[in-house]
Amino acid sequence: EQAEAALVLSEQLAVRALQQGLDRDDKQYQLENLQGMYAQSIQLHYLQHKNNQDQLDLEATLQAMENNKSVLLTEALHHRKVKEGQYLPDSLQAQQAQFQSQLATLKKQQLHANVQERSALAVALIQAQYQLDTLQQYLAEQYPAYGRQLYQNSRLSLEQVREKVLDDRTALIEFFVTPKTTFQLVITQTQAQLYDLQLPQDSLAQQIKAFRQLLTTLPKEET
């Protein structure tokens, strides 16, 4: 639990850093850092699930995979919107980053607080979250392009995937590729399972390249 809490906190801090005005190299570093954290989280839950078959580990794995996709998509959309002049004014970006930083700091303090301190921190967290939510609601109303970017990447739970996405003849298959291996999460209406495919990133890339070459060399059907 402590390891997972540390990963969650690190993820929050990295996401906050990405939302600030970093140059390309710094953003690339933060993206790679985030992907490393998601990989650690998935590896942790894979090992735990092997031992206890707890659905919560699969739920956490799904969220890590979805968070990774969401961060990459949001970053790509951000670059496009900057080019189109649809980004937020610097003053509002700074205010949002300040509220997000306050939240991250309070959550970090909560990890090491005693019982009496936790009560005061809980109140401060509610106030800080309210400030951030109020600001983001204002931004979504005043800057519709930002609002769409802010809310379009909602993530579903395992139960929601089963209820809203799948039927009894459909499965959702997600992959998470790391330098050392590839994880596969398979979800159906009745069960979910996480696999370690023992397929490093380089080997996967070679297989994909070979498959693409095969497709381009297949004879065309005569019409």
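Student: What makes I173, F175, V177, Y195 and L197 a nonpolar patch on the surface?

Tutor: In this predicted model, with side-chain values from heavy atoms and without hydrogens or water, local features need pLDDT of at least 70 and side-chain atom pairs 80 or more, while totals for chains, interfaces and linings use all residues. Residues are numbered from 1 along each chain as its sequence is written. A patch takes residues with over 30% relative accessible area and no salt bridge, joining nonpolar side chains (Val, Leu, Ile, Met, Phe, Trp, Tyr) within 5 Å and like charges within 9 Å; a salt bridge is a side-chain nitrogen of Lys or Arg within 4 Å of a carboxyl oxygen of Asp or Glu. I173, F175, V177, Y195 and L197 form such a patch, with about 440 Å² of accessible area together (Shrake-Rupley method, 1.4 Å probe, with the protein chains shown as cover). Strand β1 gives the most to the patch, with three residues.

Student: Why does V177 count as partly exposed?

Tutor: Buried means under 20% relative accessible area, exposed means over 50%, and partly exposed lies in between (1.4 Å probe, protein chains only). V177, which lies in strand β1, has 34% relative accessibility, and therefore counts as partly exposed.

Student: How do you know which residues line the second largest pocket?

Tutor: On a 1 Å grid over the protein atoms alone, a pocket is an open set of points where a 1.4 Å probe fits, with protein on both sides within 12 Å along at least five of seven lines, and lining residues have an atom within 4 Å of a point. By that rule 20 residues line the second largest pocket, and A39, F176, V177, T178 and P179 lie nearest its centre. The pocket has a volume of about 380 Å³, which is the space filled by probe spheres set on the points.

Student: Which element gives the most to the lining of the second largest pocket?

Tutor: Helix α2 does, with six residues, while α2, α3 and β1 each supply at least two. Helices (H or I, at least four residues) and strands (E, at least two) are DSSP runs numbered from the N terminus, and the chain comes to eight helices and three strands.
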